[in-house]
Amino acid sequence: ARLGINDAQIRADIVRVIVQYLQDEGYNSAALTLQDEASLRVRQVAAQRAQLRRMKRSITEGDWPEVEKLVTKAAFRNQKT
């Protein structure tokens, strides 16, 4: 089996090893910054997944006003980036 960098656990382990190295070498600010940025990315992915679950549930339940609201919100968010 081939290990994939897209595996969330492998990515988390890599970040943990790098943070440990940075701390061991005295780069505490860099270690904290990496921890903050890595956890922010995890929260963003979790929020996106929750949004997709809401959209799927709204579609299967036929809640079209909710679907429209979610799609509009996603489109607006994409315009800002």
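Of the 81 residues of the chain, 12% count as buried. The model is predicted. Its mean pLDDT is 83, and 84% of the residues score at least 70. Confidence is highest in α1, at a mean of 87, and lowest in α3, at 78. Where pLDDT is low, the predicted coordinates should not be read in detail.

The chain holds three helices and zero strands. Along the sequence the pattern is α-α-α. Among contacts between residues at least 6 apart in sequence, 3% join residues at least 24 apart. The accessible surface of the chain comes to about 7000 Å². Carbon and sulfur atoms account for 56% of that surface.

Helix α1 covers residues 8-24. At 1.5 Å a residue, its 17 residues should span 24 Å. The C-alpha atoms at its ends are 24 Å apart, which agrees with that expectation. The buried residues of α1 are Ile-10, Val-19 and Leu-22. Helix α2, residues 28-61, is included in what covers them. After α1 comes Gly-26, with a positive phi near 90°.

Apart from neighbours within four places in sequence, Leu-34 is in contact with Val-15, Ile-18, Val-19 and Leu-22. Leu-34 and Ile-18 are 16 residues apart in sequence, with their C-alpha atoms 8.7 Å apart.

Ala-74 is placed in helix α3. Its relative accessibility is 22%, and it therefore counts as partly exposed. Ala-74 and Gln-51 are 23 residues apart along the chain. Their C-alpha atoms are separated by 8.9 Å.

Three salt bridges were found in a search of the whole structure. Side chains of opposite charge can pair when their charged atoms come close. One of the bridges joins the side chains of Asp-13 and Arg-16, at 2.3 Å from N to O. Both residues lie in helix α1, three residues apart, about one turn of the helix. An α-helix has 3.6 residues a turn, so residues three or four places apart point the same way. Asp-13 is partly exposed, at 34% relative accessibility.

Glu-66 takes part in a network of salt bridges with Arg-54 and Lys-69. In the bridge between Glu-66 and Arg-54, the closest N and O atoms are 2.8 Å apart. This pair links distant parts of the chain, with Glu-66 in helix α3 and Arg-54 in helix α2, twelve residues apart. The side chains of Lys-69 and Glu-66 also meet in a salt bridge, at 3.3 Å from N to O. Lys-69 and Glu-66 both lie in helix α3, three residues apart, about one turn of the helix.

Glu-66 has a relative accessible area of 16%, so it counts as buried. Arg-54 is partly exposed, at 30%. Lys-69 is partly exposed, at 49%. Apart from neighbours within four places in sequence, Glu-66 is in contact with Arg-54 and Ser-58. Helix α3, where Glu-66 lies, covers residues 64-80.

Note on methods:
Residues are numbered from 1 along each chain as its sequence is written. This is a predicted model: local features need pLDDT of at least 70, side-chain atom pairs count only at pLDDT 80 or more; totals for chains, interfaces and linings use all residues. Side-chain values use heavy atoms; hydrogens and water are left out. Helices (H or I, at least four residues) and strands (E, at least two) are DSSP runs, numbered from the N terminus. The expected span of a helix is 1.5 Å times one less than its number of residues. Buried means under 20% relative accessible area, exposed over 50%, partly exposed in between (1.4 Å probe, protein chains only). Contact means heavy atoms within 4.5 Å. pLDDT is the predictor's confidence in each residue, from 0 to 100. Accessible areas come from the Shrake-Rupley method with a 1.4 Å probe; for residues, only the protein chains shown count as cover. A salt bridge is a side-chain nitrogen of Lys or Arg within 4 Å of a carboxyl oxygen of Asp or Glu.
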